[in-house]
Amino acid sequence: MIMIKHMQNYKSNYDKFPATYIEDGVLFSGWNNILDELISKADNMIICIETYHGVHKDQLINNFKNIPHALFIDSSEYFKPENEVRGMTENFMRDDALFGYMSNLKIEDYLDNEKVEKARKQIASSEKSGNIIVFGYGSSLVANPDILIYADMPRWEIQQRMRKSSVMGMGVDNHQEPFSIQFKRGYFIDWPALDNYKKRIFKRVDYWLDSVKENPLMIDRETFFRGIEKTANSPFRVVPFFDPAPWGGQWMKEVCDLDKSVTNYGWCFDCVPEENSLLFNIKDELFEMPSINLIFLKTREILGDPVEARFGDSFPIRFDLLDTMEGGNLSLQVHPTTQYSRDNFGLPYTQDESYYVVDAKEDAQVYLGLKKGIDKDEMIADLEKANSTPGVTFDEKKYINILPARKHDHFLIPAGTIHCSGGNAVVLEISATPNLFTFKLWDWNRLGLDGKPRPINLNRGKKVIRWERDADFVEKELVNQFVEISKGDGWVEEKTGLHKNEFIETRRHTFNKQVKHNTGGSVNVLTLLEGREVIVESPTNSFEPFIVHYAEAFIVPAHIGEYTITPYGESEGQKCITIKASVRY
């Protein structure tokens, strides 16, 4: 492995498995204990097992069939045929390698009425003959359950299973299709339908099943809601996940204590509640579920009234780390404008963002905006030629504004701005949540990790580039827009952005003593940028003290209001720095 000079002998304290501790929770570990619990409760009952996308269906069916039963019905018996499902979803899939249109389909739209009626007659004729088990999507629409089980699955794990071709879409066998097509169906069609149905049945579910791991875990309804309640009333972290990238670096291996045998890590998705997991520590076992469940159930408490009024139950702030240390440049890219996102993808807002430089070598650079006086038609022609002609490269120095990147620089990137983080840097990407909408313009003639060219989106990208954002604009509005807001004994607060076109506000605190914070009615998302560890506390002791380590992102629910952050442990009395994001309103 390449050792990064300034990381030698670094001792990581990064917590890769943050969890909410649930005292006296009820947990069943392993299939034997799970089945013993269900069998003890089931006596001539209807048992429905709802599933999220991505579960290993055959494995679950084989195990649940060990419950004595008179009738077992699989969702494939009452779903529409695959050709009808594909026809019904075709308009939302669109003819594109990556992008579709947000579906308004419901689970009910997938059910074949005649097959459902047949299943209901089978159920009626089998009543009092033994247990009846209905398995899969929409099972609790087909039958009225006495016991309702939900087999859940976080999106990060679904994506890993897609890459292994081990799961199918809802109502279609697409496991052999390219990952991008599988992801597109999940993102635009399957996940919205399943999320909307899950919201309707949260309070009806008797047991929640964690089937991410080989050893499944199950908790009961009371434990589930106890965990939700406790997490929503304290600062919390979601479970980070790490991915390699064609441009990935070596920094996260050291800071986050990752597998040194992996070639690189490019991404740390440290606060993406739509994709991350939430862990409950119950009897020293970690029960895993999608963190978006918490947002769905505690929207107003977590986001705040004004944020919920604007975004509904969509968590609007995303934090992730991009590591190019000893790696390469990201793709040269641009994000669509809000109107383009609405018209083409059915999304209400777009991915405005910023790069906060967490660490950098002396030669690190950021590509941001355009050089003055360029010919846009000539630039597009050169991009088209470079992307279509083997051996031809794009002369980025001729067209793109390139800036040195130093530790603690903050570069603002409103939608429509061409941008790219260069090699030998680690940036914290602070952005609005939509996470698929990057239009790659140029990718340095390299291949993806699958050995194939990465999709280029020049035809879309050229329609949203803001050509007036040249070097002068960038210097005036997008680079290090630091304004001191307030200061006190041992601390300074600065406003660092984001751009006036963006709805996210960011504040940087530099401190060696306790700092008072207030959520201000909006969810707060923070990362510790300097210092080994800090402690987050409530002035009224409304939550337990919460420890945060270097590079960890954490969420403070809006309803908490006042809280403090203090250097702690190894950092006591030392300089610490946090960056805080909230929704501007």
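These legends accompany close-up views of a predicted model.

**View 1. The largest pocket and its lining.**
The largest pocket of the predicted model has a volume of about 1400 Å³. Its lining consists of 42 residues. R163, F179, W267, K440 and R454 are the ones closest to the pocket centre. By class, the lining of the largest pocket holds 19 nonpolar, 12 polar and 11 charged residues.

**View 2. The largest cavity.**
How many cavities of 30 Å³ or more does the count give? The count comes to 1 cavity. The volume of the largest cavity is about 30 Å³. Empty space of this kind is found by rolling a probe the size of a water molecule over the atoms. Y52, M153, R155, D195, K198, E274, P290 and I292 line the largest cavity. Which classes make up this lining? There are 4 nonpolar and 4 charged residues, and no polar ones.

**View 3. The salt bridge between K213 and D210.**
The model holds 40 salt bridges by the rule applied. One of them pairs K213 with D210. The closest N and O atoms of K213 and D210 are 2.5 Å apart. Are the two partners buried or exposed? K213 counts as partly exposed because its relative accessibility is 31%. D210 counts as buried, because its relative accessibility is 1%.

**View 4. The salt bridge between K398 and E378.**
The side chains of K398 and E378 form a salt bridge, at 2.8 Å from N to O. This pair links distant parts of the chain. K398 belongs to helix α15 (residues 396-399), and E378 to helix α14 (residues 376-388). The two residues are 20 residues apart. K398 has 39% relative accessibility, so K398 counts as partly exposed. E378 has 34% relative accessibility and also counts as partly exposed.

K495 and E505 form a salt bridge, with their closest N and O atoms 3.9 Å apart. K495 has a relative accessible area of 30%, so K495 is partly exposed. E505, at 10% relative accessibility, counts as buried. A network of salt bridges links E493, K495, E505, R507 and R584.

**View 5. The stacked rings of F72 and F135.**
The structure holds 33 aromatic pairs. One is formed by F72 and F135, whose ring centres are 6.5 Å apart. Why does this pair count as stacked? The ring planes of F72 and F135 meet at 25 degrees, and planes under 30 degrees apart count as stacked. F72 lies in strand β4 (residues 71-74) and F135 in strand β5 (residues 132-135), so the pair ties together parts 63 residues apart in sequence. F72 is buried, with a relative accessible area of 14%. F135 counts as buried at 2% relative accessibility.

**View 6. An aromatic cluster.**
Which residues form this cluster? Y150, F202, W208, F224 and F225 make up one aromatic cluster.

**View 7. Arginine charges over aromatic rings.**
The charged end of R508 sits over the ring of F482. The distance to the centre of the F482 ring is 4.1 Å. R532 lies over the face of Y10. Here the distance to the ring centre is 5.7 Å.

**View 8. Y101 in its loop.**
Where is Y101 found? Y101 is in the loop between α3 (82-93) and α4 (113-126). Y101 has a relative accessible area of 24%, so Y101 is partly exposed. Y101 and I302 are 201 residues apart in sequence. In space, Y101 and I302 are 28 Å apart, C-alpha to C-alpha.

Note on methods. Residues are numbered from 1 along each chain as its sequence is written. This is a predicted model: local features need pLDDT of at least 70, side-chain atom pairs count only at pLDDT 80 or more; totals for chains, interfaces and linings use all residues. Side-chain values use heavy atoms; hydrogens and water are left out. On a 1 Å grid over the protein atoms alone, a cavity is a set of points where a 1.4 Å probe fits but cannot get out, and a pocket is an open set with protein on both sides within 12 Å along at least five of seven lines; lining residues have an atom within 4 Å of a point. Grid points are joined across faces, edges and corners, and a volume is the space filled by probe spheres set on the points. Ala, Val, Leu, Ile, Met, Phe, Trp, Tyr, Cys and Pro count as nonpolar, Asp, Glu, Lys and Arg as charged, and the others, Gly among them, as polar. A salt bridge is a side-chain nitrogen of Lys or Arg within 4 Å of a carboxyl oxygen of Asp or Glu. Buried means under 20% relative accessible area, exposed over 50%, partly exposed in between (1.4 Å probe, protein chains only). Helices (H or I, at least four residues) and strands (E, at least two) are DSSP runs, numbered from the N terminus. Rings of Phe, Tyr and Trp (its six-membered ring) pair if their centres lie within 6.5 Å; planes under 30 degrees apart count as stacked, over 60 as edge-to-face and the rest as tilted. A charge sits over a ring if NZ of Lys or CZ of Arg is within 6 Å of the ring centre and within 35 degrees of the ring normal.
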